[in-house]
Amino acid sequence: MHMRRAWPQLRVADWADTRDTLHMWTQIVGKVRLAHAPLINHWWQVTLYVSPRGLTTSAIPYESGAFDIEFDFIGHQLCIRTSDGAVRTVALEPKPVARFYAETMRALDEVGIETRLQAHPNEVEPAIPFAEDDRHCSYDATAAHLFWHQLLQADRVMSVFRSRFTGKVSPVHFFWGAMDLACTRFSGRPAPQHPGGAPNCGDWVMVEGYSRELSSCGFWPGGGEEGAFYAYAYPEPDGFADHPVTPAAAFYSRENGQFLLPYEDVRTAGDPDAALIAFLQTTYEAAAERGRWDRVMLECDPQRLREFQ
(Lines give C-alpha, C1' and ligand atoms only; values in the text may rest on other atoms or scores of the structure.)
Protein backbone atom coordinates (compact mmCIF):
# COMPACT_ATOMS: atom_id res chain seq x y z
CA MET A 1 0.00 0.00 0.00
CA HIS A 2 2.84 2.41 0.83
CA MET A 3 4.42 1.77 -2.58
CA ARG A 4 1.15 2.47 -4.39
CA ARG A 5 0.63 5.70 -2.42
CA ALA A 6 4.11 6.86 -3.50
CA TRP A 7 2.93 7.02 -7.12
CA PRO A 8 0.67 10.12 -7.28
CA GLN A 9 -2.38 10.54 -9.47
CA LEU A 10 -2.27 13.51 -11.85
CA ARG A 11 -4.55 13.61 -14.87
CA VAL A 12 -2.94 15.35 -17.84
CA ALA A 13 -6.20 17.12 -18.67
CA ASP A 14 -6.23 18.70 -15.21
CA TRP A 15 -2.87 20.45 -15.58
CA ALA A 16 -2.27 20.78 -19.34
CA ASP A 17 -1.98 24.58 -19.20
CA THR A 18 0.53 24.42 -16.35
CA ARG A 19 2.42 21.63 -18.10
CA ASP A 20 2.77 23.69 -21.26
CA THR A 21 3.93 26.77 -19.36
CA LEU A 22 6.40 24.74 -17.32
CA HIS A 23 7.67 23.17 -20.53
CA MET A 24 8.64 26.62 -21.82
CA TRP A 25 10.26 27.54 -18.49
CA THR A 26 12.40 24.38 -18.55
CA GLN A 27 13.43 25.20 -22.11
CA ILE A 28 14.72 28.59 -20.96
CA VAL A 29 16.74 27.07 -18.12
CA GLY A 30 17.96 24.22 -20.32
CA LYS A 31 19.18 26.69 -22.93
CA VAL A 32 21.16 28.51 -20.23
CA ARG A 33 22.96 25.24 -19.53
CA LEU A 34 23.42 24.68 -23.26
CA ALA A 35 25.04 28.11 -23.56
CA HIS A 36 27.74 27.34 -21.00
CA ALA A 37 28.34 23.57 -20.73
CA PRO A 38 30.82 21.84 -23.08
CA LEU A 39 29.30 19.49 -25.66
CA ILE A 40 28.86 15.88 -24.57
CA ASN A 41 27.75 13.16 -27.00
CA HIS A 42 24.01 13.01 -27.71
CA TRP A 43 23.49 16.44 -26.03
CA TRP A 44 23.84 14.98 -22.53
CA GLN A 45 25.24 18.33 -21.33
CA VAL A 46 21.92 20.16 -21.79
CA THR A 47 19.67 18.02 -19.63
CA LEU A 48 18.13 18.57 -16.19
CA TYR A 49 18.08 16.04 -13.35
CA VAL A 50 15.53 15.06 -10.71
CA SER A 51 16.59 16.50 -7.35
CA PRO A 52 15.27 16.22 -3.76
CA ARG A 53 13.27 19.41 -4.37
CA GLY A 54 12.54 19.45 -8.10
CA LEU A 55 14.67 19.63 -11.24
CA THR A 56 18.25 20.89 -11.35
CA THR A 57 20.86 21.68 -13.96
CA SER A 58 23.60 20.38 -11.63
CA ALA A 59 26.84 22.42 -11.59
CA ILE A 60 27.49 24.42 -14.78
CA PRO A 61 31.05 25.68 -15.34
CA TYR A 62 31.46 29.45 -15.65
CA GLU A 63 34.87 31.11 -15.93
CA SER A 64 36.88 29.73 -12.97
CA GLY A 65 33.78 28.80 -10.96
CA ALA A 66 30.35 27.27 -11.39
CA PHE A 67 26.64 27.91 -10.91
CA ASP A 68 23.46 25.89 -10.87
CA ILE A 69 19.75 26.48 -11.40
CA GLU A 70 17.02 24.48 -9.70
CA PHE A 71 13.26 24.38 -10.07
CA ASP A 72 12.16 24.02 -6.45
CA PHE A 73 8.70 22.45 -6.50
CA ILE A 74 8.45 22.50 -2.71
CA GLY A 75 9.19 26.19 -2.16
CA HIS A 76 7.98 27.03 -5.69
CA GLN A 77 10.86 29.14 -6.78
CA LEU A 78 13.65 29.01 -9.31
CA CYS A 79 16.96 29.15 -7.43
CA ILE A 80 20.17 30.39 -9.06
CA ARG A 81 23.32 29.78 -7.00
CA THR A 82 26.96 30.54 -7.79
CA SER A 83 30.17 29.13 -6.36
CA ASP A 84 31.08 32.54 -4.94
CA GLY A 85 27.98 32.49 -2.73
CA ALA A 86 25.53 34.62 -4.73
CA VAL A 87 21.88 33.53 -4.73
CA ARG A 88 18.89 34.82 -6.64
CA THR A 89 15.35 33.44 -6.87
CA VAL A 90 12.47 33.78 -9.30
CA ALA A 91 8.99 32.96 -8.03
CA LEU A 92 7.19 30.02 -9.64
CA GLU A 93 3.68 31.39 -9.86
CA PRO A 94 1.13 32.20 -12.56
CA LYS A 95 2.97 34.46 -14.99
CA PRO A 96 3.61 34.64 -18.75
CA VAL A 97 6.68 32.99 -20.21
CA ALA A 98 7.84 36.46 -21.30
CA ARG A 99 7.94 37.65 -17.69
CA PHE A 100 9.63 34.46 -16.43
CA TYR A 101 12.25 34.83 -19.16
CA ALA A 102 12.93 38.48 -18.31
CA GLU A 103 13.17 37.75 -14.56
CA THR A 104 15.47 34.77 -15.08
CA MET A 105 17.84 36.61 -17.41
CA ARG A 106 17.92 39.59 -15.03
CA ALA A 107 18.73 37.30 -12.09
CA LEU A 108 21.61 35.78 -14.07
CA ASP A 109 22.93 39.25 -14.87
CA GLU A 110 22.75 40.21 -11.19
CA VAL A 111 25.03 37.30 -10.18
CA GLY A 112 27.45 37.98 -13.02
CA ILE A 113 26.49 35.12 -15.37
CA GLU A 114 26.53 36.64 -18.86
CA THR A 115 24.33 34.50 -21.09
CA ARG A 116 23.29 34.62 -24.72
CA LEU A 117 20.89 31.96 -25.92
CA GLN A 118 18.61 31.06 -28.81
CA ALA A 119 15.55 32.73 -27.34
CA HIS A 120 12.77 30.56 -28.73
CA PRO A 121 11.69 26.98 -27.96
CA ASN A 122 12.56 23.84 -29.90
CA GLU A 123 10.59 20.70 -30.73
CA VAL A 124 7.24 22.52 -30.41
CA GLU A 125 4.88 24.21 -32.83
CA PRO A 126 4.41 27.16 -32.82
CA ALA A 127 7.79 28.28 -31.46
CA ILE A 128 6.83 31.59 -29.85
CA PRO A 129 9.91 33.64 -28.89
CA PHE A 130 10.25 33.63 -25.11
CA ALA A 131 10.19 37.44 -24.88
CA GLU A 132 6.87 37.51 -26.77
CA ASP A 133 5.11 34.54 -25.18
CA ASP A 134 2.08 35.79 -23.25
CA ARG A 135 0.04 32.70 -24.20
CA HIS A 136 1.58 30.31 -21.68
CA CYS A 137 0.96 31.81 -18.25
CA SER A 138 -0.43 29.11 -15.91
CA TYR A 139 1.14 27.64 -12.80
CA ASP A 140 -0.77 25.29 -10.54
CA ALA A 141 1.64 24.70 -7.64
CA THR A 142 -0.09 21.51 -6.53
CA ALA A 143 0.09 20.02 -10.02
CA ALA A 144 3.76 20.97 -10.42
CA HIS A 145 4.51 19.32 -7.08
CA LEU A 146 2.67 16.13 -8.12
CA PHE A 147 4.47 16.05 -11.46
CA TRP A 148 7.79 16.22 -9.62
CA HIS A 149 6.65 13.25 -7.51
CA GLN A 150 5.86 11.34 -10.70
CA LEU A 151 9.39 12.10 -11.88
CA LEU A 152 10.83 11.03 -8.50
CA GLN A 153 9.26 7.59 -8.82
CA ALA A 154 10.18 7.18 -12.48
CA ASP A 155 13.76 8.30 -11.81
CA ARG A 156 14.11 5.90 -8.89
CA VAL A 157 13.00 2.82 -10.82
CA MET A 158 14.77 3.79 -14.05
CA SER A 159 18.00 4.19 -12.06
CA VAL A 160 17.67 0.59 -10.88
CA PHE A 161 17.16 -0.50 -14.48
CA ARG A 162 20.20 1.56 -15.57
CA SER A 163 22.41 -0.24 -13.04
CA ARG A 164 22.03 -3.53 -14.92
CA PHE A 165 24.06 -2.37 -17.93
CA THR A 166 27.84 -2.05 -18.25
CA GLY A 167 27.84 -0.79 -21.81
CA LYS A 168 27.49 2.85 -22.73
CA VAL A 169 24.36 4.17 -21.01
CA SER A 170 23.09 7.68 -20.39
CA PRO A 171 22.20 9.09 -16.99
CA VAL A 172 18.52 9.21 -16.12
CA HIS A 173 17.94 12.78 -17.22
CA PHE A 174 15.22 15.23 -18.22
CA PHE A 175 15.21 16.48 -21.80
CA TRP A 176 13.45 19.85 -21.95
CA GLY A 177 12.90 19.67 -25.72
CA ALA A 178 10.15 17.06 -25.44
CA MET A 179 9.72 17.40 -21.65
CA ASP A 180 10.56 13.78 -20.89
CA LEU A 181 12.67 11.83 -18.42
CA ALA A 182 14.87 9.40 -20.35
CA CYS A 183 17.56 6.75 -20.07
CA THR A 184 19.29 5.32 -23.14
CA ARG A 185 21.39 2.19 -23.64
CA PHE A 186 23.74 1.77 -26.61
CA SER A 187 24.85 -1.37 -28.46
CA GLY A 188 28.28 0.07 -29.30
CA ARG A 189 27.59 0.17 -33.03
CA PRO A 190 27.08 3.24 -35.25
CA ALA A 191 23.58 4.03 -36.50
CA PRO A 192 22.40 5.23 -39.91
CA GLN A 193 22.05 9.00 -40.14
CA HIS A 194 18.82 10.15 -38.55
CA PRO A 195 16.49 11.98 -40.95
CA GLY A 196 15.58 14.67 -38.43
CA GLY A 197 12.18 16.30 -38.77
CA ALA A 198 11.48 17.53 -35.23
CA PRO A 199 9.56 20.83 -35.33
CA ASN A 200 11.67 23.97 -34.98
CA CYS A 201 14.80 21.93 -34.46
CA GLY A 202 17.68 21.58 -36.90
CA ASP A 203 18.14 18.11 -38.36
CA TRP A 204 21.76 18.22 -37.13
CA VAL A 205 20.43 18.07 -33.56
CA MET A 206 18.81 14.69 -34.20
CA VAL A 207 21.81 13.46 -36.21
CA GLU A 208 24.01 13.98 -33.14
CA GLY A 209 21.40 12.58 -30.75
CA TYR A 210 20.91 9.37 -32.73
CA SER A 211 24.45 8.80 -34.02
CA ARG A 212 24.74 5.38 -32.30
CA GLU A 213 22.44 2.35 -32.22
CA LEU A 214 20.27 2.60 -29.12
CA SER A 215 17.39 1.45 -26.96
CA SER A 216 15.73 4.29 -25.07
CA CYS A 217 13.04 4.42 -22.40
CA GLY A 218 11.41 7.16 -20.40
CA PHE A 219 8.37 8.96 -19.05
CA TRP A 220 6.55 12.03 -20.28
CA PRO A 221 3.31 13.79 -19.28
CA GLY A 222 1.35 12.65 -22.33
CA GLY A 223 0.36 9.45 -24.10
CA GLY A 224 -2.12 8.40 -21.39
CA GLU A 225 -4.65 9.93 -19.04
CA GLU A 226 -1.88 10.46 -16.48
CA GLY A 227 1.14 10.37 -18.77
CA ALA A 228 2.97 7.35 -20.15
CA PHE A 229 6.17 5.38 -20.07
CA TYR A 230 7.72 4.73 -23.48
CA ALA A 231 10.43 2.63 -25.10
CA TYR A 232 11.82 2.65 -28.63
CA ALA A 233 14.86 1.56 -30.61
CA TYR A 234 16.89 3.40 -33.25
CA PRO A 235 17.20 2.03 -35.80
CA GLU A 236 14.16 -0.12 -35.12
CA PRO A 237 15.12 -3.74 -35.89
CA ASP A 238 12.85 -6.11 -37.77
CA GLY A 239 10.31 -7.72 -35.48
CA PHE A 240 10.72 -5.13 -32.70
CA ALA A 241 7.06 -4.10 -32.67
CA ASP A 242 5.90 -7.73 -32.44
CA HIS A 243 8.21 -8.76 -29.62
CA PRO A 244 6.24 -9.84 -26.51
CA VAL A 245 6.47 -7.31 -23.68
CA THR A 246 4.97 -6.99 -20.21
CA PRO A 247 2.89 -5.99 -18.31
CA ALA A 248 -0.31 -6.71 -20.21
CA ALA A 249 -1.25 -3.02 -20.43
CA ALA A 250 1.84 -2.26 -22.55
CA PHE A 251 1.36 -1.98 -26.31
CA TYR A 252 3.19 -0.89 -29.44
CA SER A 253 1.91 2.38 -30.91
CA ARG A 254 2.50 2.42 -34.65
CA GLU A 255 1.51 6.09 -34.68
CA ASN A 256 4.34 6.94 -32.27
CA GLY A 257 6.76 4.21 -33.33
CA GLN A 258 7.31 3.02 -29.76
CA PHE A 259 5.98 0.88 -26.95
CA LEU A 260 3.76 2.70 -24.45
CA LEU A 261 2.63 1.87 -20.93
CA PRO A 262 0.10 4.30 -19.42
CA TYR A 263 1.29 5.73 -16.12
CA GLU A 264 -2.05 4.94 -14.50
CA ASP A 265 -1.51 1.22 -15.15
CA VAL A 266 1.76 1.39 -13.23
CA ARG A 267 0.29 3.51 -10.44
CA THR A 268 -2.60 1.10 -9.84
CA ALA A 269 -0.56 -2.12 -10.12
CA GLY A 270 -0.15 -4.29 -7.04
CA ASP A 271 3.60 -3.67 -7.28
CA PRO A 272 4.22 -0.53 -9.37
CA ASP A 273 8.01 -0.87 -9.25
CA ALA A 274 7.88 -4.43 -10.57
CA ALA A 275 5.40 -3.47 -13.30
CA LEU A 276 7.65 -0.69 -14.56
CA ILE A 277 10.84 -2.78 -14.36
CA ALA A 278 9.10 -5.49 -16.40
CA PHE A 279 8.22 -2.94 -19.08
CA LEU A 280 11.73 -1.48 -19.20
CA GLN A 281 13.37 -4.90 -19.32
CA THR A 282 11.16 -6.56 -21.92
CA THR A 283 11.19 -3.57 -24.28
CA TYR A 284 14.99 -3.44 -24.00
CA GLU A 285 15.07 -7.16 -24.82
CA ALA A 286 12.96 -6.43 -27.89
CA ALA A 287 15.69 -4.10 -29.13
CA ALA A 288 18.64 -6.22 -28.00
CA GLU A 289 17.34 -9.57 -29.19
CA ARG A 290 15.91 -8.39 -32.49
CA GLY A 291 18.94 -6.16 -33.09
CA ARG A 292 21.46 -8.90 -32.15
CA TRP A 293 23.23 -6.92 -29.43
CA ASP A 294 26.11 -8.60 -27.59
CA ARG A 295 24.17 -8.94 -24.34
CA VAL A 296 26.85 -10.99 -22.56
CA MET A 297 29.30 -8.10 -22.93
CA LEU A 298 26.80 -5.32 -22.22
CA GLU A 299 24.81 -6.53 -19.21
CA CYS A 300 25.76 -7.13 -15.58
CA ASP A 301 24.43 -8.12 -12.16
CA PRO A 302 24.10 -4.96 -10.03
CA GLN A 303 24.32 -7.14 -6.90
CA ARG A 304 27.69 -8.62 -7.88
CA LEU A 305 29.62 -6.85 -5.07
CA ARG A 306 26.94 -7.12 -2.39
CA GLU A 307 28.95 -9.57 -0.27
CA PHE A 308 31.81 -7.06 0.05
CA GLN A 309 29.64 -4.13 1.17
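Two strands pair if DSSP finds at least two bridges between them. Strands (E, at least two residues) and helices (H or I, at least four) are DSSP runs, numbered from the N terminus.

The model is predicted: local features need pLDDT of at least 70, side-chain atom pairs count only at pLDDT 80 or more, and totals for chains, interfaces and linings use all residues. Residue numbers start from 1 along each chain as its sequence is written, and side-chain values use heavy atoms, with hydrogens and water left out.

Strand β4 spans residues 65-72, and six of its eight residues are buried (under 20% relative accessible area, with a 1.4 Å probe and protein chains only). The strand is therefore largely enclosed by the rest of the structure. The pairings of β4 are listed below.

| Partner of β4 | Bridges | Direction |
|---|---|---|
| β2 (residues 54-56) | three | antiparallel |
| β3 (residues 60-62) | three | antiparallel |
| β5 (residues 77-82) | six | antiparallel |

E70 in β4 is the bridge partner of T56, and E70 also stands opposite C79 in β5.

Two hairpins involve β4. The hairpin of β3 and β4 has two residues between the strands, and E63 in its turn has a positive phi of about 50°. The hairpin of β4 and β5 has four residues between the strands, with H76 in the turn at a positive phi of about 55°.

Helix α2 (residues 12-36) is mostly covered, with 18 of its 25 residues buried. A kink of about 40° in α2 is centred on T18, the bend at a residue being the angle between axes fitted to the seven residues ending there and the seven starting there.

Definitions and conventions:
Buried means under 20% relative accessible area, exposed over 50%, partly exposed in between (1.4 Å probe, protein chains only).
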